[in-house]
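Hi,

Here is the structure I promised to pass on. Have a look at it first, and my notes on what turned up follow below.

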Amino acid sequence: SPAAPDGAGDINSCPGQGTLASGSCLAPSAASSAAALAADAEGGTQGFGSAALHELGIDALTQALGRRPVSAEEHRIAPILHSIGEGDYGEITRLCLHFAPGQGAPSCLIVKRVRPKDEAKVEPTEVALAEHRRFLRSFLVEAAAYRSFAAPLEGLGAALPRLHFLVPATPRLGEPFTMVMEDLTVRFPRGSSGEIRRMTQEETEAALRWLAALHASFWESPQSSGGDLFERGCYWVLDELGALQLSGVPEGYGNRYVSRGEWRRLRTAAPAIAARLAGRPAASAAAGDAADCAALPAGRRGSEASSCVVPTPSGTQSHRYRTVLHGDAKPENILSSHRGGRGTAEVECAGIDFAFAGRGYGACDVAYLLWSELAGNVVDENLEHYHAALLAFLPQASGVGYTVAKLRQHFELCALDFIRWMAGFKEGDYFWAMPWAISILRDVLDRLDGGRSLSLSEYARAVDREYPL
């Protein structure tokens, strides 16, 4: 995945063309064309047969890098969304440039070609079409995040890939575009192949510091990241897609982690929890007939489920303690300098892949990063580590009131929200959770309802009581 440049504020200054990281426009010969964007880098090409060189132009690359390549090779890394079994959305390649003797070592770039799938190829179900629409939006969010995040994160010493080119400079929803970014695999080799890995404790602490830097950069600043990110970050939000997935969970669902009764209680409370995580009173989710759509029985989908979208909560939105989230902060999207260990230098991290960036409570990024942690006491220690790192990055006055107890409250709601999503994803076939997460679920439900199912409006009042804004 990609990243953002210095001078990102100039990125939209060249309509119809790409823009260099310096903010200058590409020469007309380097501007993108539909034919160039459709060029494939199957296998690998050498010399000047690289698809990226045809798209961008050697002169433009020379201007951006400060030296002229004499040859290049480009190899495919993976199709976009390959890790979740999707296809036909484009590809990611590595472009390696070679220079004349005395001009320095070869330099590699990551090329992400977004080529959105035609809707005619999408499975004709409401869930698949809603997911497709979210994917299309996420590509634009990712490009916007690289533009927004670079300067503030670099100011705090947090790494992310530098965006060298965006072609065209103003991507449009559902249309092809290309991002060319710095390749961080030399500085951050751990995780660079996209493998699923268990982070060491040193890596986890470094990842939490990186997330703290991101969250501190946009702390309680609702307009600082622009309007191009998701209104609420994280891919498991209870939006149109989330509501449709939830309505597809079979009646009487339960698994070896969550009983049927526990699931029924969480399912009913879900819109209230989602409203509170949106920074609004939970009671705002109980307004209107559509609010009970999350409890729609599995057999009643069709037109009823398609209109069954959890309403945007009404009422004043509080920005207190809220920030911009990475949105998909799993270990596969956090590169590390090394494993760490006794006698080694401090581990450093870099975040990649910001397709689901948006506003929210930082605890949701933390919950996802720690989801595979086995021991509850280690989770607690990591929460304290994140909290200390966040306060170290924030101006002293900004962190007033944000205690570990407040972080823990947000963490609990994020954990329940994620459990709700896991049950709705693929009708719960991939559900799993560690004992500490299930303990949080049971403890929170008991505090909300005393062990008996309530109505949505009753859950909303209970959420506002236990988790006030």
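A word on naming before anything else: helices (H or I, at least four residues) and strands (E, at least two) are DSSP runs, numbered from the N terminus. Please also keep in mind that this is a predicted model.

With that naming in hand, let's begin with a histidine. His387 sits in helix H10, which covers residues 376–393. Is His387 buried or exposed? Its relative accessible area is 10%, so His387 is buried. Leaving aside residues up to four places away in sequence, His387 touches Tyr402, Thr403, Val404 and Leu407.

Now the cysteines. How many disulfides does the structure hold? There are 2 disulfides. One of them joins Cys96 to Cys108, with 2.1 Å from S to S. Cys96 belongs to strand E4 (residues 90–99) and Cys108 to strand E5 (residues 107–114), so this pair ties together parts that are 12 residues apart in sequence. The link of Cys96 and Cys108 is right-handed, with 100° about the S-S bond. Cys96 has 13% relative accessibility and therefore counts as buried, whereas Cys108, at 26%, is partly exposed.

A disulfide is also formed by Cys364 and Cys414, with their sulfur atoms 2.1 Å apart. This pair links distant parts of the chain: Cys364 is in helix H9 (residues 362–369) and Cys414 in helix H11 (residues 404–424), 50 residues apart. The link of Cys364 and Cys414 is left-handed, with -80° about the S-S bond. Cys364 is buried at 4% relative accessibility, and Cys414 is buried at 1%.

What about Cys234? Cys234 is in no disulfide, and the nearest cysteine sulfur, that of Cys364, is 5.0 Å away. A disulfide here is a pair of cysteine sulfur atoms within 2.5 Å. Cys234 is buried, with a relative accessible area of 4%. Cys349 counts as buried too, at 7% relative accessibility.

On to the charged residues. Searching the whole structure turns up 29 salt bridges, and I picked out a few for you.

Glu142 and Lys112 form a salt bridge in which the closest N and O atoms are 2.9 Å apart. Glu142 is in helix H4 (residues 126–155) and Lys112 in strand E5, so to speak distant parts of the chain, 30 residues apart. Both Glu142 and Lys112 are buried.

Asp449 pairs with Arg265 in a salt bridge, with 2.7 Å between the closest N and O atoms. Which parts does this pair tie together? Asp449 lies in helix H12 (residues 435–449) and Arg265 in helix H7 (residues 260–277), so the parts it joins are 184 residues apart in sequence. Asp449 is buried, and Arg265 is buried as well.

Arg447 makes a salt bridge with Glu412, and the closest N and O atoms are 2.9 Å apart. Since Arg447 is in helix H12 and Glu412 in helix H11, the pair ties together parts that are 35 residues apart in sequence. Arg447 is partly exposed, with a relative accessible area of 28%, while Glu412 is buried at 9%. Arg447 and Glu412 also belong to a network of salt bridges that links Asp380, Arg408, Glu412, Asp443, Arg447, Arg465 and Glu466.

Cheers

Technical notes:
Residues are numbered from 1 along each chain as its sequence is written. This is a predicted model: local features need pLDDT of at least 70, side-chain atom pairs count only at pLDDT 80 or more; totals for chains, interfaces and linings use all residues. Side-chain values use heavy atoms; hydrogens and water are left out. Buried means under 20% relative accessible area, exposed over 50%, partly exposed in between (1.4 Å probe, protein chains only). Contact means heavy atoms within 4.5 Å. A salt bridge is a side-chain nitrogen of Lys or Arg within 4 Å of a carboxyl oxygen of Asp or Glu.
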